[in-house]
Amino acid sequence: MTEIETECPQAQDGQPDDCPIVVEGLRNAFGEHVIHENLSLRVRKGEILGVVGGSGTGKSVLMRSIIGLQQPDAGKITVLGHSIDESADEEDDVDLRSRWGVLFQGGALFSTLTVGENVEVPLKQFFPEIGDELRAEIARFKVRLAGLSEDTAYKYPSELSGGMRKRAGLARALALDPELLFLDEPTAGLDPIGAAAFDRLTRGLKETLGLTVFLITHDLDTLHAICDRVAVLADKQVIAVGTIPELLALDHPWIQEYFNGPRGRAALGARDEIAEEDAAEAMITPAPSGETSGGNNSADDSSANNNSGNDSNEPGA
Ligand SMILES: Nc1ncnc2c1ncn2[C@@H]1O[C@H](COP(=O)(O)OP(=O)(O)OP(=O)(O)O)[C@@H](O)[C@H]1O
Ligand SMILES: [Mg+2]
């Protein structure tokens with residue numbers, strides 16, 4: 001492995017290190033088809049880790065392994081200090097699954113439920129004691145938190161644009177105030193303006209809610225604009241983890257072609273552009289809210305840092 005820095009900041013005074021996700025020696029195979037072999041990765045608390053790799057290199061399978069939907073053949077996965085394996089105590093397991101939220105690659109909303117009802121699904125699953133009215137109110141709040149207008153809660157997924165569906169999926173992933181957010185290709189299929197808005201939303205939510213984000217993407221603008229570090233999947237492993245400048249310094253053909261090819265170079269300004277847009281927006285509207293401001297409208301959510309969120313189910317998958 002071309003390792004830049006996969007370790008977390010040093011553990012202190014016998015405390016566990018500050019990595020909410022630790023993957024060691026992972027092996028996944030479907031029959032003869034080996035997807036991961038001795039793959040290791042550490043995700044640091046509070047970072048947005050971009051995960052890249054060619055199509056079919058196993059990014060989604062890695063995510064599914066981390067959230068316990070794919071049973072690996074070998075290796076050890078620890079999430080928020082808990083081991084992810086079949087032998088996990090069921091109560092522990094439910095508690096753990098309530099601390100992350102997932103936006104699956106296909107969106108995976110229930111088409112027969114409204115957006116609000118979709119957001120209510122994990123609330124019902126993990127907190128059945130919450131009354132109907134409060135649950136609906138929480139769902140409407142999450143819909144707004146994801147940058148959608150409140151009336152979207154009453155619409156069906158088929159009535160939404162692709163970008164709105166992504167946000168609806170995000171609202172559901174945020175249903176229970178997760179500590180970890182897993183996003184699988186959140187900007188795929190969005191136009192560049194919609195994608196940039198979703199990026200700003202993701203970063204805003206991360207900063208406001210203190211989330212750690214595992215972000216699978218092919219979108220170079222997203223990688224440049226909002227990711228703190230990027231992990232590269234190739235040859236069945238994570239071959240490197242680091243900032244984009246650190247990755248660019250590596251002499252690996254795929255990494256060079258990906259980040260230093262024409263599209264990679266064109267994306268270089270994305271972080272500056274988003275920062276400039278944020279600054280301009282702040283000058284015009286000191287307290288922005290709504291479609292593109294994401295986390296900014298969460299300041300009144302005193303419960304936002306209570307960590308109990310999840311959407312580990314994958315409806316329709
Ligand atoms: N349930 C499954 N059964 C058999 N093979 C599978 C299964 N899930 C995934 N695979 C295979 O594992 C490999 C990795 O799939 P994965 O979906 O993780 O790729 P990916 O890196 O996310 O690709 P993309 O960028 O296209 O989303 C692929 O070859 C895929 O066909
Ligand atoms: Mg995938």
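This is a predicted model: local features need pLDDT of at least 70, side-chain atom pairs count only at pLDDT 80 or more; totals for chains, interfaces and linings use all residues.

Mentor: Residues are numbered from 1 along each chain as its sequence is written, while chains are lettered from A and ligands numbered from 1 in the order in which they are written.

Trainee: Which residues are around ligand 1?
Mentor: Phe30, Ile35, Gly53, Ser55, Gly56, Thr57, Gly58, Lys59, Ser60, Val61 and Gln105. The test is a C-beta atom, placed from the backbone, within 6 Å of the molecule.

Trainee: What makes up the shell around ligand 1 by class?
Mentor: Three nonpolar, seven polar and one charged residues. Nonpolar covers Ala, Val, Leu, Ile, Met, Phe, Trp, Tyr, Cys and Pro; Asp, Glu, Lys and Arg are charged; the others, Gly among them, are polar. Helix α1 (residues 59-66) gives the most, with three residues. Helices are DSSP runs of H or I, at least four residues; strands are runs of E, at least two; both are numbered from the N terminus.

Trainee: Why is Ile35 called buried?
Mentor: Ile35 has 23 other C-beta atoms within 10 Å, so Ile35 is buried. The cut-off is 20 or more within 10 Å; 12 or fewer is exposed, in between is partly exposed, and C-beta atoms are placed from the backbone. Ile35 sits in strand β2 (residues 33-43).

Trainee: What does Ile35 contact beyond its neighbours within four places in sequence?
Mentor: Asn28, Ala29, Phe30, Gly58, Val61 and Lys236. Contact needs C-beta atoms, placed from the backbone, within 7 Å.

Trainee: Why do β6 and β10 count as edges?
Mentor: The open sheet of six strands runs β6-β7-β8-β3-β9-β10, with mixed pairing. β6 (100-103) and β10 (237-242) each have a single partner strand, so one side of each lacks a neighbour in the sheet.

Trainee: How do you know that β6 and strand β7 pair?
Mentor: Pairing needs at least two DSSP bridges. β6 and β7 (residues 180-184) have four, in the parallel sense. Leu103 stands opposite Leu183 in β7.

Trainee: What span does helix α5 reach, and what is expected?
Mentor: Helix α5 (residues 162-173) has twelve residues and reaches 17 Å from first C-alpha to last, close to the 16 Å expected. The expected span is 1.5 Å times one less than the number of residues.

Trainee: What makes α5 mostly covered?
Mentor: Ten of its twelve residues are buried. The cover includes β6, α3 (115-126), α4 (132-145), β7 and α6 (192-209).

Notes:
Two residues are in contact if their C-beta atoms, placed from the backbone, lie within 7 Å.
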